[in-house]
Amino acid sequence: MRVLVIEDGADLAEAIRTYLSRDGHAVDLAADCAEAGLLLDLAQYDGIVLDLGLPDGSGLDLLRVRRRDGLRTPVVILSARDRIGDRIAGLDCGADDYVVKPVDLGELAARLRANARRGEGAPGVELAFGPLRIDRARARVWRDGAEIRLTAREWAVLDALLAARGRVLSRQVLEDRLYDFDAGISGNAVEVYVSRLRGKLGRGLIETRRGIGYQIP
Ligand code: CA
């Protein structure tokens, strides 16, 4: 997933980025509404973490305006405000979820995944492909009953293809899902990860559409 974290607390923002990156997600940080607006205009995100008290405005106003303009990305509000009225206001402005600080990063990551899946309209979290069983909620894969260990980046490629099942994803789209703006991209990284996945999962799952990209049918 590609995630935008809008949070002016630098330490918390970095902690969230570190945690989500380790899970294989690409994470961009915005410290205020203006920066968030620029990034939202530039990139397509799969999930947004939104603080409410920002230096140049209210996260709620940002959310309200962006929803009105057609933003459909799942948004998880992350706020120190813990009254019921605050939660209701957040959800009424178009948030999908509301988490109160101090936050458990594992829980925040799980809520982002759950909301992203809901956005895709995915029927279930556990999928079966021949000898493979894949649990998207827990990011685990088994082949003939034996668990297969994937690296965070390998999982990120697999998860993006699963999310888009039946559609071809171009190498560029997959790269965008894998790397945040700060990370260097090597030209054939996506091919490398696909090839490693085929080595671990078998060649049948991920199909190459020559000149276009990759697909899980
Ligand atoms: Ca704040």
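Colleague: How many nonpolar, polar and charged residues are in the lining of the second largest pocket?

Modeller: First, the ground rules: this is a predicted model, where local features need pLDDT of at least 70 and side-chain atom pairs count only at pLDDT 80 or more, while totals for chains, interfaces and linings use all residues. Residues are numbered from 1 along each chain as its sequence is written, and side-chain values use heavy atoms, leaving out hydrogens and water. Here Ala, Val, Leu, Ile, Met, Phe, Trp, Tyr, Cys and Pro count as nonpolar, Asp, Glu, Lys and Arg as charged, and the others, Gly among them, as polar. The lining of the second largest pocket then splits into 7 nonpolar, 2 polar and 7 charged residues.

Colleague: Which residues lie nearest the centre of the second largest pocket?

Modeller: β10 (140–143), β11 (146–148) and α6 each supply at least two lining residues (helices, H or I, of at least four residues and strands, E, of at least two are DSSP runs, numbered from the N terminus). Of the 16 lining residues, those nearest the centre are R138, A139, R140, L150 and W155.

Colleague: Which element gives the largest share of the largest nonpolar core?

Modeller: That core has 28 residues, with L158 and L205 making the most contacts inside it. A nonpolar core is a set of buried Ala, Val, Leu, Ile, Met, Phe, Trp, Tyr and Cys residues joined through side-chain atoms within 4.5 Å; buried means under 20% relative accessible area, exposed over 50%, partly exposed in between (1.4 Å probe, protein chains only). Among the elements giving two or more residues are β8 (126–129), α6 (152–163) and α8 (189–201). The largest share, 7 residues, is from α6.

Colleague: Which residues does G166 touch, leaving out those up to four places away in sequence?

Modeller: G166 sits in the loop between α6 and β12 (169–170), and is partly exposed at 46% relative accessible area. Counting contact as heavy atoms within 4.5 Å, L205 has Q215, I216 and P217 among its partners. G166 touches Q215, I216 and P217.

Colleague: How far apart in sequence are the parts that D8 and G53 tie together?

Modeller: The calcium ion is coordinated by D8 (OD), D51 (OD) and G53 (O), at 2.1 to 2.4 Å; donors are N, O and S atoms within 2.8 Å of the metal (3.2 Å for Na, K and Ca), and sites may look incomplete because water is not among the atoms. D8 lies in the loop between β1 (2–6) and α1 (10–22) and G53 in strand β4 (residues 53–54), so the parts they tie together are apart in sequence by 45 residues.

Methods: 1 Å grid on protein atoms, 1.4 Å probe; cavity = no way out; pocket = protein on both sides within 12 Å on 5 of 7 lines; lining within 4 Å.
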